[in-house]
Every structure is written in C-alpha cells, then in structure tokens.
Amino acid sequence: MNVQRLAPFFRAFRDGLAHAAERSDPRICLLTPGAFSQTYFEQAYLARYLGFLLVEGADLVYADGKMHVRTIAGLKRADVIWRRIDAEWCDPLELNGASRLGVPGMIEAIRQGKVSMANMPGAGLMEVRAFHAFMPGLARHLLGEDVRLPAIAPWWCGQERQRREVLEQLDHLSVSGAFANQLPGFDGRHSALVSELSLAERERLVEAMTARGMDYVGQEVVRLSTTPSWETGGGRAQLVPRPFVLRVFAAATPDGWQVLPGGFCRVSDRSDARAVSMDASVRSADVWVLSDKPVEMETLLPSGDDVRIIRLLGNLPSRAADNLYWFGRYLERVEAILRIVRALVAKALDPDAPTRVDHGPAERLQRLLVSWDAAPRVVASSLSLDMAQSALHDENNYGSALSNTIAARRAASSIRERLSPDVWLLVGRLENILRKPLGQSAVEAGVLEQSEQALQVIAAIAGFVNENMNRVAGWNFLDMGRRIERGINTLRFASQFAGDDADLELLDVLLDLIDSQITYRSRYLTGATLAPVRDMTLLDAFNPRSVAFQAARIEEHLAGLPSLRETGMLEQPRQIALKLKSDLAVEDARRLTGQTIYDYENRLVSLAIAVADRYFLHDASEPSPGKVRGLA
Amino acid sequence: MIYDVTHVTSYEYELPVASADFLLHLTPHEGNGQHVIETRIEIDPPALDMQARRDFFGNRTTVLKITRPHQALDIRTVSRIEVERPQVPAAALTRPWEAVARDALNAPSLGPQSPVHFLYASRLAYLSTPATQFARESFAPGRPILEAGIALMTRIRDEFRYVPGTTAISTPLAQVFEQRSGVCQDFAHLMIAGLRGLGLSAAYVSGYIRTIPPRGQPRLQGADASHAWVSLWCGAEFGWIGLDPTNALLIGDDHVEVAIGRDYSDVSPVKGVFIGSGRDSLSVSVDVAPVAA
C-alpha cells in the first residue's frame, strides 16, 4: 500500500533538536509532567524511540547558568529540552509559583542561551485566535509572500471597525475567545454559533463584546469536510459522512520546516458539519499518506549489523535511584510489620503462653508496631488481635502494612519502565490483600493466613527482582534499600528481644521474627540462649537475615556505583559501610551488649542518611513519608 | 519626605532545607515621584549566588540561591527613599472613561509602562462578573475617569471590611465578594478586576504605607505593613495614577512604591522554592520610619 514512512520525519526532528544545541553531542531530554499524565505512555515511548532521556522537573537542576540532569554520577548537562509541560509551569520561580513540574532557573538558562527548548515558552502565542487575524498581513510583512494555506481569518474585535462588522452580521458567525481557549463569560464553552444562542445569551454576548471586544474573535462558520465513517447502531451498520479535523505536525530542522507525512484525525460522531467542538464524543484515527511509488524501507530502530552492542545504559537519574531505593525500603518495612503481626497473633493463639503482663513479648511486639506508626498506641494484650488488624489494614496509621505498600506502589509508579510487569502486578496483589480487613468477626487463624499470603507475595517480588532484573545501578539501589531497611529492623528486633534482660521466651520470639528458628535448632541443642541468638541475628555472615549479611551486601552495592572522587578516595557512604561490615565481621557475640546493638542501629541509620545525601539529595524529590519522620 | 524602610522576611523550617531558590521584588523602583537614596538586601545564611536583575516591567528584582543546609532564613531589605510625588490632577479634568479605555487599547507602545499590558485578565486579577458589575455602578457614561476611579475606591473602602487572616493569596474574588472582607491585596485585585472588566487598564502596585488609618478613626496611627494598591491609567496626558482602595486614598507621600505588575503574582515580594520535607513557618515585619529632614 505504499504508505509513506514516518521515520525520516522523526530523524529530521531529532536532528533539528540536536542542531539547536550549543554542544555537538547534546543530551536531549523529554520533560514530562510525570506518571500521572494522560500521555505519559506516549512520552515514554517517544523518548525511547528517539533515544532521549525521559525526565521530570525534579530530575533537572539549574546551576552555573545551565540546566543539568541529576544522576548518581553527578550533574550531567541537559542541552536540549523537549517540553511536554505547559510553558506556564516551566519555572516556579519566574512563572507560576504553584508549579511542581518545572525547575527554578529554567527561564534564566534559556535567557542565557545555555539550554534550547522546544517549543520555547511563549510559542503558544501562535495558537491564539486573535493572532490568526493578523497572519496574512504578517506573512506579507515578514516573508514578503502570502500564506500558502488559505484560511478563514477571524476578525479580532479589539479593533473598532472589525468589532462593528462582527456585531452587524453576528447571527451568521461563530464567536470564540481571542486569547483563552474558553469563550469569556460562557463557562466551559470554547466557542458559540450565535444563531444557536438563546436570546438572553445573545444579549449577554453582545454586551460583553461591547465592553471588552478585545477578548473575542468572530469568524465565518466553517463547514468541515467529511469522511466516510462506519457506524453501528439502531440495529444496522452503515457508512455515513462525518465531519473531521486533521492535526498535522511540522518540525524545524537544519534544512527548514518538515511536515510529518501523516497525522492525527478526529472524527465527530455528529453529522453537523458546522460544529467545531470536537471535544465530546469523538473518535481518533491515524492518518496515512500514500505514495504513488514504492516506499523505501526506513526505520529508526536499528537492525542487522548496525546494532551496537550495549550492556550499560547511561547514568541512572537520581530520582529513579531514589524511587527504586525507597521501593525496596517500603517493601521491606511491610515485611517487618507482617512478621511482627504474625508473631503477635501467634502469641495470642498459644495456650501455653506464660501470662506475664509487663514487658512481655506481646507488649514488646506492640511497642515495635507503635514505634513504626503502624498502630496508634500499646493496648492490653487481650486486644492484640485488633491491634494486629489495624497494623495491617488501617490506612490512617501511616506506618501500617497497607500504608507502606501504597508508598511502595507510588515510588514504583514513576519508574515503571524500570520494573518488570510481573513486579508491578504483584505490588497490586499485595495491596489487594491488605485492603481486605477481616473485620470484627476475625479469628487469629484468619489474620495469620492473611499475613502469610502477603509475605508470600513479597517473597515473589524479591524472587522476580533477583532473577529477572539486570545487575545495573537500578538493581543496586533497589536491593540496597531492602538491605538497609532489613538491617535497621533486625537491630530493632534485637534491641527488644535480645537485650541484656532477655529470657528464653523473648529470644524465641526473635528467632521467629528473623525466620531462623529451624537453623537455630539444627545448630544448637539447647533452647534459645542469649549469645548464640545474638550471633545468629547480628553477626552470622551465612544467615541472609543477619545484620552482618546486610552490611556485606550494602558494601558490595556501593562498591559497584560510580564515584564522584577522582582521587580514588572512598566516598562517605562506602567508608561507613566498609567499617560497619568489618566491625560486624570481627565482633564477638559474647561481648555484645544492649548498648552496642543500639550503636550498630545508629551507624546503619547514618549510613542511610549518607546514601541519601550522596545519591539523591542534590535537592531532589517529593518528601517520602519515611524521610519526613526522620527515619533516614 | 524621607523614609527608612526595613522589611524582614523570616523562614523557619522544621527540618533542614538542602537548597532554596528565591526571586525577590524588594528593592523599590526609582522614579514616579520617588528617589532611592540607598538600598541593600542582606541574607542570612549568605547566598551562594545573588544577582540583581530587572523584570519586564522594569522592577528591580534579585535572584538568589542558597545551597547549604539551613533551618532558618532571614531576608532583610533596608532602604532609604525620598518621596515627593507630583500633584494629582483635579479629577474632573480627566477625560471620560470610555475614551481612556479606547486609548488604552489602541496605545501603540509595547514598552513596560504601556497600558496594553494591564488590560487583560491575569492570574489573580481575572475578569469576574460581580467585580465588573460592582465597578460599573461608579462608572456612569461619560464620567471623568479619575472621578469614577475615586468613587469606586471609596465604595470598596466603605463596603468591605479590612479583616486580616480571612483570606489568602489564593482566595477567589467571588469569595471576597461574598464575605465582604479581606486585606489590601484582595481589595486591589478586586478593584483591578472591576476596572479591567470595563475595558480599562489597571496595574497592581506593591509597596508600603507609613500608617493605615483604622476604620472609624480619623487619626492616622502607626501600623506599618507590606501594602498593595492600584494604579489606573488615566490617559496619555496624566498617565498612571495610584489609588489605595484599602484606605480610600490617592497615592501621595505616605506611600512608598516597590514594584508594579499585573497582579500580586508578578511582584510578590519574596517568591521561593525550597527543597525540604518538613513544615515551614513564615513571619514578616515591616518598619517605615520617617527620617527627620
């Protein structure tokens, strides 16, 4: 069917953007409003197709008169920005201060000529209807020629004579806003066919146009062309004529303007060819342009021998690293809550449980939940089941398993392109499980069953991450988040259940919490005893739940990340991690005290802060709940 | 009259802020009956990068960036200004408002002072039917523009109560109308919206007033604050004339102008973007002290 291919246009478009840059091998960024945007999918697709970096405002920073992308390897110059956010939202400092999509300093960088933006803010003026009135004149004045596409120029009623003319033949015209997309004074309408207005509306319009003619343009009613459209309904299907508008695209390139041989067509579902309001129920269609000759195969997707073999893809933007890391941390926190809940409910189930009330396991487990904001306050142990449910399901507790799952999903949503669909699905499933409270009639077994299900989903996510995710920086951050969170949580467990006053019952709970009951029994014939339990929880490098194991993995991750220091000296996170790992490796469980356990927790927290400072916090990011609470 | 004006904006943050960007409209502009003898801005903690610029309207702006972590920030502006405004023309001598509206629309200049920039709806002074209707009552056909402007300003003073704290920058005009109360910038936006609704050109002026006369008391007493009012374009002959709807005063030697824009968002004294996660609290103090000649 000799359909003209679009690739040459996109190549020219890319060349045009690159040509606008100051440097010869420019970094071109597509600035998106973010994952909540309706067209995020298209933006992500185009960025990948054209080889541009997909960025949000938080990824960019203004410094030294230039724009930069924040990456884990430091600031990297952004030469060209393809803007997919409204101009008004580009720069909260100089334009709309409410914008969280833009970057303070962006306008100044443009002013300095250090970043090229397509389209430049202000280009929207050309879409303004008042301007169309002057287009024929401007073309003659500026270019010395007539406009090539004839158009029905509107009359701008900011001119006395034009306004008079419009008012004289008002009933044959359509009236629109001169500057706004809306018809001023007629909320929610783009334009009006005057002949269809009620008498009162017509009067109001005339009055408004008399007071402020400059806000209106009048235009002859356009009769749109029609296209055959296949419609079903009323029991039969038929071809009917339907009005349509065609949206075309042109790009400024080094060789002048190029027009996309294709376009985007919107077909109205009504037969009234005068109606330009194409917003309601319209269908869209892809437009192909046919050639009378066979079309040469051309694509931007590399094929055959052209393909360069790549294993690593650029520098990870700091925001993506931040989100991956917090995705890992939130999930791990959910796991910790689930384990506590499981232990708490199991305690309530155990008929042989000693009835000690003060500072018993139930109270300690409750205290952990409260310290994570998973539950509001410690309650009588007879109410443990209610508390367990609240820690699982209550979105108002901002550290509940559900709240942390939602936070994990939010972090994941802006890095979806970096996670496999399976992971995304499983996060949804986890949320679904936690969104189903069992209610007042719940029994312990039901809650246990639910926690088990949730733990299995988390294990599945970990499995997908470990088996399917490329071992590049993104994975380092995701796994590092889990390890740091698990290390901190395990130390907290140890402080509660393996403190200097710990007895057999408490140590037993700890072994449950870190899932090491079986290993312990296979190694030691005695019941839970302080030093061996501490060793297994904190120091045992073979136990994937021990703190020492987490420290070793964290250190490996940091060793694999780029350094900003050219001197070969270690960066701060690595220094802390290395020392922590070594100290844990040579520590003797028999010399540990409650205080040293607490000190290790603090060291891990300062490691988390150092990681955030080094890799994320050039400025960056939305406040994550964890950060707000100073949990580092 | 010579004034020493001290304007201090203080932020306190619950958690350390890693970086902050600010755009300031704190340096009074020169001209229009005032002369800036001396002015400076002090930042604590010191800014890494501080640049003086001018915006489109010719206002003096300052852009600064603080990149060290901080938990408190003071922006202090100290200025000495001499004010001696020209006599305001007799209101009856100004031209009928319809003629002025026509001239504003057809003004050929695109310079910063041109009335064409101030004719259209802007972010905070958008067109609003109640505001236009309210204004129209003072604008009988053929009435001299300044006379009508003064009448409108006086009606705003009389029919709206000055009650701080009942509105915010984002409070819609319709609500200000409904509650019939607000503060200086609400009244300024309301009056601007009404004037623009009639096709007139009106600007927003930020600045200071030495004293604000409390309602019902004739005597002026000390009540210094950051203030805002309206500047109305009264035709090529008389140009821009300042009207203060909060106090029903023509702008004279008690007012010090800082910046002019289409509405508050063009000239907000301190506009900042900071990156941090905690809460922040803001306090502002203004002192306008006449200097003995």
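Me: What should I know about the model and its numbering?
Reply: The model is predicted, so local features need pLDDT of at least 70 and side-chain atom pairs pLDDT 80 or more, while totals for chains, interfaces and linings use all residues. Residues count from 1 along each chain as its sequence is written, and chains are lettered from A and ligands numbered from 1 in the order written.

Me: At what angle do the axes of H19(A) and H20(A) cross?
Reply: Axes are lines fitted to C-alpha atoms over the stretch in contact, with angles from 0 to 180 degrees between N-to-C directions. Helices are DSSP runs (H or I, at least four residues), and strands are E runs of at least two. Here H19 (residues 572-586) and H20 (residues 594-616) of chain A come within 8 Å and cross at roughly 155°. They are therefore roughly antiparallel, a label for angles over 145 degrees.

Me: Which residues make the contact?
Reply: Contact means C-beta atoms, placed from the backbone, within 7 Å. H19(A) gives A:Ile576 and A:Leu580, among others. H20(A) gives residues including A:Leu607 and A:Arg614.

Me: How do E14(A) and E15(A) pair?
Reply: Pairing needs at least two DSSP bridges. Strands E14 (residues 250-253) and E15 (residues 256-259) of chain A pair in the antiparallel sense over four bridges. A:Ala252 has A:Trp257 as its bridge partner.

Me: How many residues does each chain give to the contact between chains A and B?
Reply: Chain A gives 18 and chain B gives 17.

Technical notes:
Parallel < 35°, antiparallel > 145°, perpendicular 65-115°, else oblique. Contact = placed C-beta atoms within 7 Å.
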